[in-house]
Amino acid sequence: MTPDRERHSRRSMHLAASAWGEILAAVYRDIADRTMRDLPIFNEALSIEAIGFRAREGRVVGMMVTPWFMNVVTPMRDRTSHSPPSPGSNLRLRFPAGEIEFTVSELALVGSIASYSLFSPMFEFKDMTSARATAEAALAALMSPANRPASHGPDARHGSIDRRHFLRGVLTERRA
């Protein structure tokens with residue numbers, strides 16, 4: 001592949017990933033308007049935003065921020081398996097920082113997605129600026145091999161990311 005074609009291919013994959021994130025955000029905006037707004041877990045100071053959606057090793061991944069959760073999300077269009085995981089099942093995916101165990105669910109208009117919850121509910125965020133900064137820092141940490149957990153503990157042999165250690169590292173890094 002020529003350098004120009006390779007750049008065009010990467011740009012097309014980035015645009016498709018970004019577009020998928022925006023479609024997902026639109027679905028969550030509809031859910032917010034129909035069912036979530038009146039629930040006690042809804043943080044009125046926040047909005048819904050798809051952050052940093054990108055193509056990575058043939059898979060789209062990014063952060064979804066809503067007034068009720070912040071998740072790492074990826075669509076379940078995995079061409080490597082014959083049958084996709086069923087809703088409620090778990091799926092382990094590898095990232096530069098380690099493996100994450102996602103939960104598979106079905107979302108109307110989008111199909112099957114896998115998500116990894118970082119925050120829920122979202123009351124520790126006073127505004128969208130702080131939620132966005134945390135989502136960006138978490139995604140950067142996930143994509144960085146330098147953020148691998150220490151080689152001890154029950155998940156060390158699998159290279160898994162422990163949510164508490166991952167978030168503490170991200171939040172410590174962000175504040176430092």
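**Burial, cores and aromatic pairs in a predicted model**

T66 counts as buried because its relative accessibility is 0%, buried meaning under 20% relative accessible area, exposed over 50% and partly exposed in between, with a 1.4 Å probe and protein chains only. The model is predicted, so local features need pLDDT of at least 70 and side-chain atom pairs count only at pLDDT 80 or more, while totals for chains, interfaces and linings use all residues. Residues are numbered from 1 along each chain as its sequence is written, and side-chain values use heavy atoms, with hydrogens and water left out.

T66 lies in the loop between strand 2 and strand 3. Neighbours within four places in sequence aside, T66 is in contact (heavy atoms within 4.5 Å) with Y28, L46, S47, I48 and M122.

The protein contains 3 helices and 6 strands, taken as DSSP runs numbered from the N terminus (helices H or I, at least four residues; strands E, at least two). From the N terminus on, the order of elements is α-β-β-β-β-β-β-α-α. Of the 176 residues in the protein, 42% are buried. Among contacts with a separation of 6 or more, 62% join residues 24 or more positions apart.

In soluble globular proteins, nonpolar side chains tend to be buried together. A nonpolar core is here a set of buried Ala, Val, Leu, Ile, Met, Phe, Trp, Tyr and Cys residues joined through side-chain atoms within 4.5 Å. The largest such core has 27 residues, and M63 and M70 have the most contacts inside it. Two or more residues of this core come from each of strand 2 (59-65), strand 3 (70-75), strand 4 (90-95), strand 5 (98-107), strand 6 (111-119) and helix 2 (128-142). Helix 2 gives the most, with 6 residues. Another core, of 21 residues, lies apart from this one and includes A32, M64, V73 and V110.

Helix 2 has 15 residues and reaches 21 Å from its first C-alpha to its last, close to the 21 Å expected at 1.5 Å a residue, the expected span being 1.5 Å times one less than the number of residues. Its buried residues are M128, A131, T134, A135, A137, A138, L139, A141 and L142. At the start of helix 2, the backbone nitrogen of T129 has a side-chain oxygen of D127 within 3.3 Å.

Rings of Phe, Tyr and Trp (its six-membered ring) pair if their centres lie within 6.5 Å; planes under 30 degrees apart count as stacked, over 60 as edge-to-face and the rest as tilted. By this rule there are 8 aromatic pairs. Y28 and F69 form an edge-to-face pair, at 5.2 Å centre to centre and 80° between the planes. This pair links distant parts of the chain, with Y28 in helix 1 (residues 3-36) and F69 in the loop between strand 2 and strand 3, 41 residues apart. Both Y28 and F69 are buried. F102 and Y116 form a tilted pair, at 6.2 Å and 55°; F102 is in strand 5 and Y116 in strand 6, 14 residues apart. One aromatic cluster is formed by Y28, F42, W68 and F69.

Terms used: A polar contact is a pair of N or O atoms within 3.5 Å; within protein, one must be able to donate a hydrogen and the other to accept it, and residues adjacent in sequence count only if both atoms are side-chain atoms.
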